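Visitor: I am new to this structure. Please show it to me, and then I will ask how you know what you say about it.

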Amino acid sequence: MALTLHGTVADNTAVLSRQNAKPLIINGDMNVTQRATSKTGITGTTLQVQDRFSDVMGAAGTWTQTKSTDVPTGQGFTSSMKWDCTTAKASLDAGSVFSVRYIFEGQDVQLLKYGSSNAEKLTLSFWIKSPKTGTHVLSFYQYDDARHVSKAYTISSANTYQKVVCSIPGDTTGVIDNDTGAGLGVEIALVAGSNYTEGTLATAWAAYNDANQFVGQVNCADNTSNNIFITGVQLEVGEFDANSIAPFQHESFADNFFRCQRYYQNQGANFYGLTEGTNFFRMQVPFDKPMRVAPSITARGSGFKFNARYLGDHTTDNPTIASAASTTFGVWLGVSGSSLTNNITIYGRSQQDAAGQFLALS
């Protein structure tokens, strides 16, 4: 089969030498939003809208985060992460901070060979529409050894999409553990007080020092008219510039969604269980996909009503995990009831929220 190359030699070299079959960053196109499509009143660190992306925030004003259709033209994107400043923070505190963060599992970044002489360089690319011109900073953090490195870039035109391409060196010292824990994180800074800017920017890997993390970062929280849009976040192994970096790997929505479910799942309403005594039954909640760790469980709404076949309605406001949660087969919930018969299998549906879910697993 003939292989047809397109574009420059550098472009094709980047595409053909990509070490990872799937995008290293999941949901970089900001399409998957299982929790909500909008969240108001954000003042602290959260993971509320776009799957896999959180913010790091403190003393940086108040923000609304949404899934937006404002995207760079002609790039194949349909969604972006939007941040709307609703309460400004023109005068920053020393500890003021706001960044968008993505965290990789340690086992997913072993190809970087950190801690060896073959440690790989990395290139982060993304599209951003910032309300402020001037210096912006991104930072990588290695969790197992508390090491970091930062990179400054310049926004040349406010409120205009700009593609950012930044490369960082490989870390020949710090070793990322091969496990399901946090291995490597990247933060795109938007606000930084003096605690994070009074030192010298850490352009080489070093032990973490907050004073060296975001040196020079402009304040994107200084006005309530400020809006920030980010999409097309990709990470490539190797050193590339705007001309040589591989194109963004667009996945199908299904593939993107399934990869996100490793970290968070909404559950629907069907269940089955087994009664224990006259006032309690166990309900099994199977996973749609295996999860990274045994999840915590959050109720959707103020309580549950179970319409159990043959047994009437049984209600509880605080379901509890009745046995150890699994990463593969699902969890069991202990549910209080009334007038039950011991050791009877029950089937039914739970009361749903407006989105048709009743549990969040993360």
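Guide: Leaving aside residues up to four places away in sequence, Thr341 touches Thr275 and Gly277. This is a predicted model, in which local features need pLDDT of at least 70 and side-chain atom pairs count only at pLDDT 80 or more, while totals for chains, interfaces and linings use all residues. Residues are numbered from 1 along each chain as its sequence is written, and side-chain values use heavy atoms, with hydrogens and water left out.

Visitor: What makes Thr275 and Gly277 contacts of Thr341?

Guide: Contact means heavy atoms within 4.5 Å, and Thr341 touches both Thr275 and Gly277. For Phe280, there is a C-alpha separation from Thr341 of 9.5 Å, at 61 residues apart along the chain.

Visitor: Where is Thr341 found?

Guide: Thr341 sits in the loop between strand S20 (331-336) and strand S21 (345-350). Strands (E, at least two residues) and helices (H or I, at least four) are DSSP runs, numbered from the N terminus.

Visitor: Why does Thr341 count as partly exposed?

Guide: Buried means under 20% relative accessible area, exposed means over 50%, and partly exposed is in between, with a 1.4 Å probe and protein chains only. Thr341 has 48% relative accessibility, so Thr341 is partly exposed.

Visitor: Why is the pair of Glu105 and Arg262 called a salt bridge?

Guide: A salt bridge is a side-chain nitrogen of Lys or Arg within 4 Å of a carboxyl oxygen of Asp or Glu. The N to O distance between the side chains of Glu105 and Arg262 is 2.7 Å, and they meet in a salt bridge. Glu105 is in strand S5 (residues 97-105) and Arg262 in the loop between helix H2 (253-260) and strand S13 (265-267), so this pair ties together parts 157 residues apart in sequence.

Visitor: Is Glu105 buried or exposed?

Guide: Glu105 has 2% relative accessibility and therefore counts as buried. Arg262, at 24%, is partly exposed.

Visitor: What makes Glu120 and Lys113 a salt bridge?

Guide: Their closest N and O atoms are 2.5 Å apart. Glu120 is buried because its relative accessibility is 18%, whereas Lys113, at 33%, is partly exposed.

Visitor: How do you know that Glu239 forms a salt bridge with Lys121?

Guide: The closest N and O atoms of Glu239 and Lys121 are 2.9 Å apart. The pair links distant parts of the chain, 118 residues apart. Lys121 has 41% relative accessibility, so Lys121 is partly exposed.

Visitor: How many salt bridges does the structure hold?

Guide: There are 10 salt bridges. A network of salt bridges links Lys22, Glu251, Asp255 and Arg259.
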